[in-house]
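Here is a quick tour of one protein chain, from its overall layout down to a handful of residues. Have the viewer open as you read.

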Amino acid sequence: MNTVITQNRQTKYCQAIEVALHDLGHATNNELLAALHIFYPDVSPTTIHRATTRLALRNVIAVAPSTPDGSMRYDANTKPHDHFECLSCGILRDIDIKDKITPIIESSINGCCISGQLIIKGGCKKCLKK
């Protein structure tokens, strides 16, 4: 019973993470820690990790594709969707292409069926201008 209560509790840090992640779209625990330090200078990395884990388990936030260095990243958008990731800066953007792309991919692999999220990698407009 205590486990359920602990998982469902909504702390000020959970609320602040939800707001910060909504503003950022996608973020690592370190990025969320930096965002929360403005209002909560004493918040610890452990607190952020526990709060994001709790929020993800409750499907309040989603787990996004990890960063190029392997860090976990969270997503404000909890609905199933695909992503574009820039290979230079690592920015992650939501895209909705699965329904358009899946038939093309499946036809090129002899009728095999693909599932899950698609991650398209390339160069973002900002990095391509450099």
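## Layout

The C-alpha atoms fill a box of roughly 50 × 45 × 20 Å along the principal axes.

Before going further, some ground rules. This is a predicted model, where local features need pLDDT of at least 70 and side-chain atom pairs count only at pLDDT 80 or more, while totals for chains, interfaces and linings use all residues. Residues are numbered from 1 along each chain as its sequence is written, and side-chain values use heavy atoms, with hydrogens and water left out.

## Confidence

The predictor's confidence in each residue is its pLDDT, on a scale from 0 to 100. The mean for the protein is 91, and 93% of its residues reach 70 or more. Residues 1-6 are another story: there the pLDDT is below 50, and beyond near neighbours in sequence the stretch has 1 contact in the model (contact means heavy atoms within 4.5 Å). Where pLDDT is low, the predicted coordinates should not be read in detail.

## Burial and surface

Buried residues make up 34% of the 130 residues in the protein; the cut-offs are under 20% relative accessible area for buried, over 50% for exposed and partly exposed in between, with a 1.4 Å probe and protein chains only. The accessible surface comes to about 8600 Å², of which 56% belongs to carbon and sulfur atoms. Those areas come from the Shrake-Rupley method with a 1.4 Å probe, and for residues only the protein chains shown count as cover. As for how the chain meets itself, residues 24 or more positions apart account for 48% of the contacts with a separation of 6 or more.

A nonpolar core is a set of buried Ala, Val, Leu, Ile, Met, Phe, Trp, Tyr and Cys residues joined through side-chain atoms within 4.5 Å. The largest one has 16 residues, and Ile17, Leu21, Leu32, Leu36, Ile48 and Ile61 touch the most other members. Helix H2 (12-24), helix H3 (29-37) and H4 each supply at least two residues, with the largest share, 5 residues, coming from H2. Take leucine 36: leaving aside neighbours within four places in sequence, its contacts are Tyr13, Ala16, Ile17, Ala20, Val43 and Ile48.

Most residues other than glycine have a negative phi. Asparagine 59 counts as exposed, at 59% relative accessibility.

## Salt bridges across strands

The whole structure holds 2 salt bridges, each defined as a side-chain nitrogen of Lys or Arg within 4 Å of a carboxyl oxygen of Asp or Glu. Arginine 73 pairs with glutamate 85, the closest N and O atoms being 3.3 Å apart. That links strand E3 (residues 73-75) to strand E4 (residues 82-86), with the partners 12 residues apart. Arginine 73 is buried at 6% relative accessible area, and glutamate 85 is buried too, at 4%.

Glutamate 85 also bridges to lysine 121, with closest N and O atoms 3.5 Å apart. Here strand E4 is linked to strand E6 (residues 119-122), 36 residues apart. Through shared partners, Arg73, Glu85 and Lys121 form one network.

Leucine 92 lies in strand E5 (residues 92-95) and is buried, with a relative accessible area of 7%. Its contacts, neighbours within four places left aside, are His26, Ala64, Pro65, Arg73, His83, Phe84 and Glu85. The C-alpha atoms of leucine 92 and histidine 26 are separated by 6.9 Å, although the two are 66 residues apart along the chain.

Aspartate 82 sits in strand E4 and is buried, at 2% relative accessibility. Not counting residues up to four places away in sequence, aspartate 82 touches Arg93, Asp94, Ile95, Asp96, Ile97, Lys98, Gln117 and Leu118.

Note on methods:
Helices (H or I, at least four residues) and strands (E, at least two) are DSSP runs, numbered from the N terminus.
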